[in-house]
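The sequence and structure are shown first, and the notes follow by topic.

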Amino acid sequence: MKTNKIIYRVTTVLLSALFIMGSLMYFFNYPRAETFFINLGFPTWIIYPLAVLKILGPIIILSRKSLFLKELAYAGFLFDATIAFFAHYLVSDGEYLFSILALTLTLISWVYDRKVFGIYEQKIISNDNDKVT
């Protein structure tokens, strides 16, 4: 169990650092980010909202206040890294290594989150006499 916690903590901290550093680049080096987005064919209006989400995601994952939001943050990281990989790969700019690292860290962190804290199960309340299933 101790090994699982160490793997979870290391990968989650590295994942968080990677996404927070990426978001800081969006804020503090906007012209470079804008050039990347234009070259990849993405709209530039999405840079700031994406940067905010890349900061909120690690906060949500590390705080574990809402398990539902934590799962959404992991899914968002997975989608972001997957889209980044294919976008960089398709334009052949050689900048896809960070997305592979992000994909790897996201998957390892998510798997070990489940090993350390258990599987998140969402409760569904049906309208039939308000029974929880």
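Ser 92 counts as exposed, with a relative accessibility of 61%. The model is a predicted one, and Ser 92 lies in its loop between α4 and α5.

**Backbone angles in loops**

- Most residues other than glycine have a negative phi.
- Ser 92 is not a glycine, yet its phi is positive, at about 55 degrees.
- Arg 64 likewise has a positive phi, near 55 degrees, and is a residue other than glycine.
- Arg 64 is placed in the loop between α3 and α4.
- Because its relative accessibility is 23%, which falls between the 20% and 50% cut-offs, Arg 64 counts as partly exposed.

- Leaving aside residues up to four places away in sequence, Asp 113 touches Tyr 8, Arg 64, Lys 70, Tyr 74 and Gly 118.
- One of these contacts, Tyr 8, is also among the buried residues of α1.

**Helix α1**

- Helix α1 covers residues 2-28, 27 residues in total.
- From first to last C-alpha, α1 reaches 38 Å, close to the expected 39 Å.
- The buried residues of α1 include Leu 15, Leu 18, Phe 19, Gly 22 and Tyr 26.

How values were computed. Residues are numbered from 1 along each chain as its sequence is written. This is a predicted model: local features need pLDDT of at least 70, side-chain atom pairs count only at pLDDT 80 or more; totals for chains, interfaces and linings use all residues. Side-chain values use heavy atoms; hydrogens and water are left out. Helices (H or I, at least four residues) and strands (E, at least two) are DSSP runs, numbered from the N terminus. The expected span of a helix is 1.5 Å times one less than its number of residues. Buried means under 20% relative accessible area, exposed over 50%, partly exposed in between (1.4 Å probe, protein chains only). Contact means heavy atoms within 4.5 Å.
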